[in-house]
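User: Hi! I'd like a close look at one part of this model, with the packing described residue by residue.

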Amino acid sequence: MGFTRGMKRPIQILYKRLSSPVNCGHAYSTSVVHTEISFARFPRNNSPGFSNYSNPINGFGICFTRTYSSEVSSSEQMNLIKQLRERTSAPIKEVKSALVSCNWDIEAAQTDLRKRGVVLASKKSSRLAAEGLLALAQNEKKAVLVELNCETDFVARNDIFQSLALSLAKSALLVEGSKEASVATPFSPECLEDLKMNFDHTKLTGERTVRNAITEVAAMMGENVKLGGGFVISAPSQGVLSTYLHTSPQPGIGRIAGILSLEVEDKDVSLDAVQRVGSELAMHIVAAKPLFLTKEDVTADALGNESDILRSQAESTGKSQMAIDRIVEGRLRKYFEEVVLMEQKFIVDDSVNIKTLLNNLSKEVGSTVKIGNFLRVEVGEGLKRLEAVGGSEPLTQAA
């Protein structure tokens, strides 16, 4: 009896010490199990991966159970995270979560990331996407400008995002149009979302719809990525279609675009000088920000609003009505020089305006040259213009 009481305290101490799992540093752990059965033999556990020492100690129902873990080592985990990150460009947090949920199976984790990407992208779709790029594609018949938006400039500099933008513009260019017009016509994002495309980027390959491609890129980038619509403008039957992209990280993409068509009356004249001036004018449009082609194109609302503002400013001087009329007239001329392309000073040579420049070009080539239409678009303006015109035509009609 005394021997039993003497043994009880050391056994209780041993039990307390071993009641929590102890990591042994060899991919297994040791723990203690206590039962209410005294002097009983525990059945041996023959399950794979377990080594069970199940004989009770001194009848107190205590047994040692050693469990071997199937987890990979820390170095292997880091290597798998790195590999999956390189494959998908998904955020590290999402990469690790997918690997853990798939028991560190990299192929299953990659599939899981693609499935979860739809959910992740939908959660981000409500966030503001005010950054992005304009992508331009052009052939001898027309030019197409597509806007792809994201949340930060950091993502806009990513090569996957830029590759997607270029692919969108090139695919939109291949859509056959049913009518020809030099007018820049907007089209909505819905016109492209179901279009199937072939991607050749290392992290975005194969055929998929535009909608699915944007969803995948959004999951990779961890941001809201969305299509902002675009514009299509046809080349003149006789003349050139000139384009310029500002803040361009690579050919075909930029933050600001200038496009204009120069129409030549005589089809037999050389177009070299026309192309040179056209390129300079496209750059001028980006820098000078014209709103109208001619004074006649200025809307009545815009002219009336500006006249009211100028008249109120002139009346505050206290001068006579005749003097006020002259002040308003002079300031309206200044207004036209600021917003009307034909009245603006040429940025390359401010001694002439655009009207004079075209007259000189017409004399040089021996035929009348005129601007058919022009377009200036900056990142973030695409959808605003679509809303202003109350919608858009299908791309097949717009081209």
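Which residues in H10 meet which residues in H11?

Analyst: Happy to walk you through that contact. Please keep in mind that this is a predicted model.

From H10, the residues taking part are Ala302, Leu303, Glu306, Ser307, Leu310, Arg311, Gln313, Ala314 and Glu315. Their partners in H11 are Gln321, Ile324, Asp325, Ile327, Val328, Arg331, Leu332, Tyr335 and Phe336.

Now for the geometry. Two packed helices are described by the angle between their axes and the distance between the axes. H10 covers residues 300–315 and H11 covers residues 321–339; the two pack at an angle of about 135°, and their axes lie 9 Å apart. Because angles over 145 degrees would be needed for roughly antiparallel, H10 counts as oblique to H11. The crossing of H10 past H11 is right-handed.

The loop between helix H9 (272–288) and H10 contains Lys289. Lys289 is not a glycine, yet its phi is positive, about 55°. With a relative accessibility of 49%, Lys289 is classed as partly exposed, because the exposed class requires over 50%.

The crossing of H9 and H12 is left-handed, whereas H10 passes H11 in a right-handed one.

The H9 side of this contact is made up of Ala273, Val274, Arg276, Val277, Leu281 and His284. Facing them in H12 are Ile354, Leu357, Leu358, Leu361, Glu364 and Val365. Here the residues divide into 9 nonpolar, 1 polar and 2 charged.

Asn103 sits in the loop between helix H3 (92–101) and helix H4 (106–124). At 55% relative accessible area, Asn103 is exposed, while Lys289 is partly exposed.

Cys191, by contrast, is partly exposed at 27%. The structure holds 0 disulfides.

Note on methods
Residues are numbered from 1 along each chain as its sequence is written. This is a predicted model: local features need pLDDT of at least 70, side-chain atom pairs count only at pLDDT 80 or more; totals for chains, interfaces and linings use all residues. Side-chain values use heavy atoms; hydrogens and water are left out. Axes are lines fitted to C-alpha atoms, for helices over the stretch in contact, and angles run from 0 to 180 degrees between N-to-C directions. Helices (H or I, at least four residues) and strands (E, at least two) are DSSP runs, numbered from the N terminus. Angles under 35 degrees count as roughly parallel, over 145 as roughly antiparallel, 65 to 115 as roughly perpendicular and the rest as oblique. A crossing is left-handed if the near helix is turned anticlockwise from the far one by less than a right angle, and right-handed if clockwise. Contact means heavy atoms within 4.5 Å. A disulfide is a pair of cysteine sulfur atoms within 2.5 Å. Buried means under 20% relative accessible area, exposed over 50%, partly exposed in between (1.4 Å probe, protein chains only). Ala, Val, Leu, Ile, Met, Phe, Trp, Tyr, Cys and Pro count as nonpolar, Asp, Glu, Lys and Arg as charged, and the others, Gly among them, as polar.
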